[in-house]
Amino acid sequence: MKLGRLNHIGVATPSIEESIRYYRDVMGATRFHKPFDLEAQGVKVCFVDTPGQNGTNGTQIELIEPLGEDSPIAKFLEKNPSGAQHHVCYEVEDIEDARKWFEELGKRILGPTRLGAHGTPIFFLHPKDMMGQLTEIMETPKDNAHWSN
């Protein structure tokens with residue numbers, strides 16, 4: 001398994017609308033994707049693009065708002081009512097190879113492999129096995145798919 005690029009940083013927020021204002025007015029962000037519901041995970045998602053170098057795209061910020069009280073993000077926001085960094089997400093070429101790699105290392109995988117917000121397979125690794133950081137592993141999107149939405 002080979003570590004790929006840092007695709008996004010997930011940020012839990014009680015309000016995507018308020019977070020968009022923050023990233024626009026305070027951080028100077030100019031490119032926001034249309035928010036959408038990811039009902040299978042109980043969240044509303046909005047991607048904020050950051051600039052890369054030489055005309056490339058940088059790492060995205062994934063704003064995550066709970067869709068209801070049963071959302072895992074709602075529980076996270078109980079402890080962090082203003083919002084906070086939730087996870088980091090790294091790309092890999094082959095999700096099945098990566099899952100096998102982490103399993104062989106004895107890392108705890110949280111749930112099955114499923115489709116994530118970019119429409120590609122993902123899984124999460126337990127923070128206690130990843131230096132305290134909830135870590136998402138996602139298969140590298142094909143045809144630059146993570147920049148459309």
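User: What percentage of the residues of the protein count as buried?

Analyst: A residue is called buried when its relative accessible area is under 20%, exposed when it is over 50%, and partly exposed in between (1.4 Å probe, protein chains only). Of the 149 residues of this protein, 44% count as buried. The structure is a predicted model, in which local features need pLDDT of at least 70 and side-chain atom pairs count only at pLDDT 80 or more, while totals for chains, interfaces and linings use all residues. Residues are numbered from 1 along each chain as its sequence is written, and side-chain values use heavy atoms, with hydrogens and water left out.

User: How many helices and strands does the secondary structure comprise, and which pattern do they follow along the sequence?

Analyst: Helices (H or I, at least four residues) and strands (E, at least two) are DSSP runs, numbered from the N terminus. The protein has 3 helices and 8 strands, arranged along the sequence as β-α-β-β-β-α-β-α-β-β-β. Its radius of gyration is 15 Å, close to the 15 Å that the globule rule gives for 149 residues, so the protein is as compact as a globular protein of that length. The radius is taken over C-alpha atoms, and the rule is 2.2 Å times the number of residues to the power 0.38.

User: Which residues of helix H2 are buried, and which are exposed on the face turned away from them?

Analyst: An α-helix has 3.6 residues a turn, so residues three or four places apart point the same way. In H2 (residues 72-79), the buried residues are Ile73, Ala74 and Leu77. They cover an arc of only 105° around the axis, which puts them on the same side of H2; the arc is that of the directions from the helix axis to the C-beta atoms. The face turned away from this buried side carries the exposed residues Pro72, Glu78 and Lys79. The cover over the buried residues of H2 includes strands S1 (6-12), S3 (43-48), S4 (60-66) and S5 (84-92), where contact means heavy atoms within 4.5 Å.

User: Which residues of helix H3 are buried, and what do they pack against?

Analyst: In H3 (residues 95-104), Ile95, Ala98, Arg99 and Phe102 are buried. Their arc around the axis is only 100°, which puts them on the same side of H3. These buried residues pack against S5, strand S6 (109-115), S7 and S8. On the face turned away from the buried side are the exposed residues Glu96 and Glu104.

User: Where is Pro112 found, and which residues does it touch?

Analyst: Pro112 is found in strand S6 and is exposed, with a relative accessible area of 55%. Not counting residues up to four places away in sequence, Pro112 touches Arg99, Ile122 and Phe123. Arg99 is one of the buried residues of H3.

User: How many residues apart in sequence are Lys2 and Asp94, and what separates them in space?

Analyst: Lys2 and Asp94 are 92 residues apart in sequence and 9.4 Å apart in space, C-alpha to C-alpha. Lys2 is found in the segment before S1 and is exposed, at 70% relative accessible area. Leaving aside neighbours within four places in sequence, Lys2 is in contact with Glu91 and Val92.

User: What is the phi of Met131, and is this residue buried or exposed?

Analyst: Met131 has a positive phi of about 55° although it is not a glycine. Its place is in the loop between strand S7 (121-125) and strand S8 (135-139). Met131 is exposed, with a relative accessible area of 88%.
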